[in-house]
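I opened this notebook to record a few look-ups on side-chain packing and rings. The entries follow the order in which I made them.

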Amino acid sequence: MPSSLGFHILGPLEVIADNVRFTVTGLRQRTVLAVLLLTPDRVVSVDRLIEAVWSGTPPTTCRNQIAICVAGLRKVFQEAGCHEDVIVTAAPGYMLVSGDHRIDAVEFAARVESARQLAQDHRQLAQGQRQQGERQLARDQRTAQAASLLREALSLWRGTPFADTSSSRLQEEANLLEQQWLNAYEQYAELQLELERYSEIVSELSGLVQEQPLREHARAILMLANYRLGRRSEALGLFRQARQYSIDELGLEPGKELQELHAAMLREDPSLVPTSTASTSTASVSLNADLPAGFGEARLPADVLSFVSREEELASLDALLEGGPDPESAAVGLITGGPGVGKSALAVRWAHRVAQSFPDGRLFADLTRTGDGEESVSAMLARFLRALKIPEYEIPADPQGRADLFQRSVAGRRVLVVLRGVRDLRRVQRLIPASGTCCVLGTSSYNQSSPAQVRLRLDALDTRSAVELLDALVADHRVRWEPAAARKVVRYCDNLPLAVSAAAARLTAKAHWSVSHLLARLRDPLHRLDELSHGGPPGIRESFDRAYSGLEPDAAALYRRLSLWDTPELDVWSGAALMNIDLSSAENLMEQLADAALLEKRGRRPDGLFRYRLPSLLALHARESADFHDLSAARFKLPYPSAM
């Protein structure tokens, strides 16, 4: 029989013995137990218990009823197998003896204090002359260990404390506990910021900021994480939201911290950029083996703040809610399209829209950064398992063991898996649940024959939707004041959502610019990609580079050379001439470019050969690649590709 109990007050009140929950049925009993658990090993007077139970209007029999409640609690503990005295009588009331028993609130406080001590040690190490090597590693280890402790502390929370009681005194205590939780969450986010885990911060902190709009420090951390990810428009949008809320609710401007951070972002202060260039994955490798690397990376990213059009596509994806084709197959959807066309935004928006249909978990894997090799898939499986609350010690070291445990963990459960940047779904089969109750949604820049129930091919936005997106992201009416200039700006962006977002970020960062001023800067093809990369999301060049890097050498060479012909359309004859090959070989290469979404198909010529088009931004990227590979573009005496 168990001699120790577990008491949970960070959520609905629970008593645990040997993994079995024992119910404390009476409302008064729950109140008495909660008050005793708030101050374990300290005497709580009967008067205080009476005040908590009856809030100032006790009956004449109140002292007897408190004694009856204590007797009932002792009976519950005995039924749970604990025969030692847990609640003892001690004048002028009672005391809960913690002993070997576990109290989640006590464990929470202990972990938070240990994390504070580690963070303090980190700061002491950082003082004085900075050294590389062992001292740097020691600082990183302390920071990561402190973050791990806070993560463990935060995971103890299961909901609102004392929500199953009606005591006004306990509601006050619940408010104090929630403030401690919020403070710990902010400390955790600060440490994540030091570890440069910006994606995790955005994923985990966005919801908190929406629920607690007056927590300005948490908002500042989220703003900075977005900024360092290159999402300047989102970072500045968070300030605008805070300012509007603060004025509406308090009649005040935001506090000094937010205002100074906002001003620094507008002037692109170099101090906002971290001095360390180490990636988060590198940091994880250098830490002790007990720390779960990549915590949070399996969590679904925050919903897209500004989203336009795509209603038909969202409705098409809803077909996945009907379940898999059979009990042993998940429903699979695949979104394909060119770089920057908004595949990931659509997938994330749909995932958030249907989140309630998948209460057992929403998992996310960004394969554009990790690749789809066996080692990467195995690492992602481990992250999935952690997100599904599998203890670290139960996660196998071998890939097959992890895959088997993942399948057992999701069997019969409602779990959604979003896979970004899938080159071939068959290569990541271990990440796909073998359960008809689950759903998988992948995005890919490549045409592939992998089986999928729903297939969507995304194109660029129409001009009206692209202008609507620009207006939503800038949010200060400049776009509405110059509609003609706005239409030309989005055309220079090829109506690609990613490029339009970058243009909006440029306008947001430069509040004194008009849309016409940005238009004038975009007209220069030599600097257009720079304008759409400077101050905007990291992605316009990165997404093009990613697609280009996956090409076979001959296809990559053709891509570069196609940019040297500034013509509205291309055909197989163009490819054959540029590569000095036959028509069949040229068509194969051009089809590879089309499959990688680096070339658009435009129909057939009268002789049956396909016609193609190289969009303007891709043409500029291809020319940059050609210059980089010293293809001597100057020999051709051709102008840079136009956009209009």
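**Contacts of a strand residue**

I listed the contacts of Val-15, leaving out residues up to four places away in sequence, and found Leu-5, Gly-6, Phe-7, Val-20, Arg-21, Phe-22, Val-24, Leu-33 and Phe-77, where contact means heavy atoms within 4.5 Å. I noted that this is a predicted model, in which local features need pLDDT of at least 70 and side-chain atom pairs count only at pLDDT 80 or more, while totals for chains, interfaces and linings use all residues. Residues are numbered from 1 along each chain as its sequence is written, and side-chain values use heavy atoms, with hydrogens and water left out.

I placed Val-15 in strand E2 (residues 14-17), strands being DSSP runs of E of at least two residues and helices runs of H or I of at least four, numbered from the N terminus. Val-15 is buried, at a relative accessible area of 0% (buried means under 20%, exposed over 50%, partly exposed in between, with a 1.4 Å probe and protein chains only).

**Ring pairs**

I then looked up aromatic pairs and found 8; rings of Phe, Tyr and Trp (its six-membered ring) pair if their centres lie within 6.5 Å, with planes under 30 degrees apart stacked, over 60 edge-to-face and the rest tilted.
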